[in-house]
Amino acid sequence: MRLHRNLCFSVIDGLTLIFNEGKYADKVIQQLLKRDKRWGARDRGFVAETTYDIVRWKRLYAEIAEVKAPFDRDNLWRMFAVWATLKGIKLPDWKYFENTPTRKIKGRFDELSKIRKLKESIPDWIDELGEKELGSEVWSKEITALNEQADVVLRVNTLKTTKEKLQAQLFDLDIETEFLKGYPNALKLKERANVFTSEAFKNGYFEVQDASSQLVAEFLNVKPGMRVVDTCAGAGGKTLHIASLMENKGQIIAMDIYENKLNELKRRAKRNGAHNIENRVIDSTKPIKKLYDKADRVLIDAPCSGLGVLRRNPDAKWKLQPDFIEKIKKTQQDILQRYSRMVKAGGQLVYATCSVLPSENQNQVATFLKSEAGKDFSLVKDKKVLVHKSGFDGFYMALLEKKA
């Protein structure tokens, strides 16, 4: 592989924004990719993947390059040189790479790879937390899996097409996909491709949604004609899946505290041909109280640490703080206590997170069931999805039933 100056400069510019200005990696990369209209798919792929790679391995590369934050441009070039050397890429004779100690880099890598928190490039506190909650052996496997690049998985919109038809349509565009056993509406791309420019996407035949995330709506056990409340709907990935499982029959109330996310859901619902979704902003306690004892099904896709989706958001490990985890656990319990009151007698509730920590998952459910608000509920089943076992995002979901 030959390194091209303008692409490498883009990567350095992106890293400056992510590391030094706290910008979100996905947003920065979106901007970078619009920089030069002449770039082809391979150029854009290089910029995106290299940036994500260096973000993912920030701690390890900085340690090998012997640089400390905040990183100036020379520091970032040194980290870039470490990345290239470890990938076996020949460094061009640019001034940024003068005196790069190639052999020393490889030696340092071997030496540091014996220490988990450096080898897996994570903050000390996350390493300690993961070990405390999952045990050393499971955590070691899980954090290794969380550092791998995620597959691209599509969820077929069954309101508009079938898995077989969509697969054939994408094949005509040279996008090869495969079915996933145990995931009825999923197609996995054999190679990464930009599917968002395809007519199939514009016509609402699919959404990009990880296989683990697709399990949540299935877990909710919905039937056409029900009244379902998605309480933390966000931009609505799971809401749209619920709409397709309900065959557009019945009512889905999508709620969130952020109106802009619900506006995005409105746009996506239109493209998906989902007509049974009504958006409601949670701007006070009123919208929740109005629905007490009225829902057949309630989904609480709770805000969480997001430790199960680090493959997609590698910058999250540098942004997360220990006090945030403590705060979010209080929020999770509070939401469970309040939103569970919307379930009617005989109805069901799913509590889900994209975290792998028991303290955010089964422990929260156990606390709820012991509380006054949870006394009428019982646990039907739960599912823990670990990345190193499933190959997909880390998730947790629990199905609870309210006494009839």
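These notebook entries record what I looked up in a predicted model of a protein.

**Entry 1: basis.** I note that residues are numbered from 1 along each chain as its sequence is written, and that side-chain values use heavy atoms, with hydrogens and water left out. In this predicted model, local features need pLDDT of at least 70 and side-chain atom pairs count only at pLDDT 80 or more, whereas totals for chains, interfaces and linings use all residues.

**Entry 2: domains.** I looked up the domain assignment, which gives domain 1 (5-114), domain 2 (153-208) and domain 3 (213-402); such bounds come from an automatic or database assignment. I then turned to domain 2 and domain 3, whose C-alpha centres lie 25 Å apart. Their contact (heavy atoms within 4.5 Å) takes 19 residues from domain 2 and 17 residues from domain 3.

**Entry 3: the area between domain 2 and domain 3.** I recorded a buried area of about 1,400 Å², with carbon and sulfur atoms giving 52% of it. Buried area is the accessible area (1.4 Å probe) that two parts lose on being put together, summed over both.

Entry 4: I found 2 salt bridges between domain 2 and domain 3, a salt bridge being a side-chain nitrogen of Lys or Arg within 4 Å of a carboxyl oxygen of Asp or Glu. I also looked up the side chains of E207 and R268, which meet in a salt bridge at 2.9 Å, N to O.

**Entry 5: the domain 2 side.** Strand 1 (153-156), strand 3 (186-189) and helix 11 (199-202) are the elements that give two or more residues to the side of domain 2 that touches domain 3. Helices (H or I, at least four residues) and strands (E, at least two) are DSSP runs, numbered from the N terminus. Strand 1 gives the largest share of this side, 3 residues.

**Entry 6: F196.** I located F196 in the loop between strand 3 and helix 11. F196 has 44% relative accessibility and therefore counts as partly exposed; that class lies between buried (under 20% relative accessible area) and exposed (over 50%), with a 1.4 Å probe and protein chains only. Not counting residues up to four places away in sequence, F196 touches F201, K202 and V208. F196 and E98 are 98 residues apart in sequence and 41 Å apart in space, C-alpha to C-alpha.

**Entry 7: helix 13.** I noted that 7 of the 9 residues of helix 13 (residues 237-245) are buried, so this helix is largely enclosed by the rest of the structure. Among its buried residues are K238, L240 and H241. E247 follows helix 13 and has a positive phi, near 55 degrees.
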